Amino acid sequence: MYKKTIKVASIIVMSSLIYACGGEETLTEEVVIASEEEVAEENVNQIDYVLPSPLQIAELFKRAGLTYIGDITNSPENIDNYNTKYDQKLNYGVYSADMAYCIMNNQAQESINYLATLSKLSEKIWMTDIMGSMGLTDRLEANVGNEDSLTYIMADLQMQMDDYLDGNGLGHTGSIIFAGAWIETLYLGTNVNENERNKKLISRLSEQSVVLGSIIGSIKQNDAENDYAELISDLENINNIFNSYDEDFMLSDEAVSNLGIQIKALRAKIVGA
Amino acid sequence: MKKVTAYLLIVLTFTLVSFQTEQNCDDTALKEELKPGLNPDYKYDSSKTSKFTYNKKAQGREIEVPLFMGEDYIFLFNTNGLPKDIKIEIYSEKIGHKKRKLLYNLEQKYSQNIYSFKPTKSRKMYVNYTIPEVEEELTGCMVFILGYQ
């Protein structure tokens, strides 16, 4: 009886210790003691990345002169072509960017269509709870034409999505979704600039190297299985274009044109166009 | 019998302590506490929850935060999930860069958990956490939200 009690107690102790240690942090076994001053540069043992929301980038581009061109966004009908989690996550990002683009340009019905598309796609990547719980369709319809309110609604959606992904250990999914959104936003930006050259838009396009490095870092960090090697390689090729800045950190017209070509090719691969 | 009782009491203590240290990090609640800090001028952009295990060696964690030129941002931090204070700094360049400059050093105050920082000039920034060494292992977390105008 005593031996059985001790055995059970030992299991409880071990369980408690394992629970206390959590799933995310690795215990170190070293007993070296260091002062805080000695730590600063030598012992940063993890770099994390924060990625801007597709909405923020859409608003930046809008203020820089991104106008609406009909029919260049990804057709909602293509959703049925996305059968792998890889394609679904990337195109969730693509459609998010398209919805932001429509909202920024007061395309009410298009915005609602994209919301419906996102709801459908979110079921496939297990994010149904977010879309359902927020009553987004009603909120969007109630605020048609009110860009300010609509952007706050989208910011709320972003917050809910981040909470959901973090809470369910799906932070890596967020990086892929964002990559899709970023590629789509650059596709829209380079397209509009091709129609009518815009220095402010070129400035914002040039600045995107700030984000691209973080996207690549974030995807690499979560890609132990090498599932995203091709995407990383494509993004790194695009990143090389940003090495040709002039002294004002602006891309030349040739570099912007090259960026447009590469983005278009990568986007076509993602949306299946 | 006395030995078994004592053993069980130790086990119970360990269990209670382990559950208590883990309860420090309810990141959803910690983010909720931060959100009013965005109002009325800022919209939510992104967030990062950093979970730590304090141990006998001091540790560092760095978060790369891309910001766009000419835009206005607010960094919000919630330290309520920390069982022991950590050092929170914001730098202009990533760790190891020769021209890395300290832009902000969060001075934690007793009974205050929410802190904010508004950069005067927007550029890529690096939030750096230094987690001190401790004798008894602890777990906790730090929540950071970025807002933009």
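Which residues in H9(A) do A:Pro54, A:Ile57, A:Ala58 and A:Phe61 in H3(A) meet? They meet A:Phe178, A:Ala181, A:Trp182, A:Thr185 and A:Gly189. To meet here is to be in contact, with C-beta atoms, placed from the backbone, within 7 Å.

## Basis of the model

This is a predicted model, in which local features need pLDDT of at least 70 and side-chain atom pairs count only at pLDDT 80 or more, while totals for chains, interfaces and linings use all residues. Residues are numbered from 1 along each chain as its sequence is written, and chains are lettered from A and ligands numbered from 1 in the order in which they are written.

Helices (H or I, at least four residues) and strands (E, at least two) are DSSP runs, numbered from the N terminus.

## Confidence

The predictor gives the complex an ipTM of 0.80 and a pTM of 0.80. Confidence in each residue is given by pLDDT, on a scale from 0 to 100. Chain A has an average pLDDT of 80, and 79% of its residues score at least 70. Residues 1-40 of chain A have a pLDDT below 50, and this stretch has 53 contacts in the model beyond near neighbours in sequence. Where pLDDT is low, the predicted coordinates should not be read in detail.

For chain B the average pLDDT is 86, with 85% of the residues at 70 or above. Among the elements of chain B, the lowest mean pLDDT, 54, belongs to helix H1 (residues 2-23), and the highest, 96, to E3(B). Over residues 15-23 of chain B, pLDDT stays under 50, and the model has 14 contacts for them beyond four places in sequence.

Helix H3 (residues 54-63) and helix H9 (residues 171-195) of chain A pack with their axes 10 Å apart, at an angle of about 10 degrees. This makes H3(A) roughly parallel to H9(A), a label for angles under 35 degrees; over 145 counts as roughly antiparallel, 65 to 115 as roughly perpendicular and the rest as oblique. The axes are lines fitted to C-alpha atoms, for helices over the stretch in contact, and the angles run from 0 to 180 degrees between N-to-C directions.

A:Trp182 of H9(A), one of the residues that meet H3(A), is also among the residues that touch the most other members of the largest nonpolar core, which has 95 residues. A nonpolar core is a set of buried Ala, Val, Leu, Ile, Met, Phe, Trp, Tyr and Cys residues joined through C-beta atoms within 7 Å. A residue is buried if 20 or more other C-beta atoms lie within 10 Å of its own, exposed if 12 or fewer, and partly exposed in between; C-beta atoms are placed from the backbone. Not counting residues up to four places away in sequence, A:Ala179 touches A:Leu90, A:Gly93, A:Ile215, A:Ile219 and A:Leu231.

## Strands of chain B

Chain B has two helices and eight strands, in the order α-α-β-β-β-β-β-β-β-β from the N terminus. Of its 149 residues, 40% count as buried.

In strand E3 (residues 73-78) of chain B, five of the six residues are buried. E3(B) runs antiparallel to strand E8 (residues 138-148), to which six bridges join it, and B:Phe75 stands opposite B:Leu146 there. E3(B) is also antiparallel to strand E6 (residues 114-117), with four bridges; here B:Phe77 stands opposite B:Tyr115. Two strands pair if DSSP finds at least two bridges between them.

## Backbone exceptions

Most residues other than glycine have a negative phi, and most peptide bonds are trans. A:Asn106 has a positive phi, near 55 degrees, and lies in the loop between helix H4 (85-104) and helix H5 (108-124) of chain A. A:Asn106 counts as partly exposed because 14 C-beta neighbours lie inside 10 Å. Not counting residues up to four places away in sequence, A:Asn106 touches A:Gly145 and A:Glu147.

A:Asp71, in the loop between H3 and H4 of chain A, has a positive phi of about 70 degrees. A:Asp71 is exposed, because 5 other C-beta atoms lie within 10 Å. In chain B, a cis peptide bond with omega about -10 degrees joins B:Asn39 and B:Pro40. B:Pro40 lies in the loop between helix H2 (27-34) and strand E1 (43-54).

Note on methods. pLDDT is the predictor's confidence in each residue, from 0 to 100. Two residues are in contact if their C-beta atoms, placed from the backbone, lie within 7 Å.
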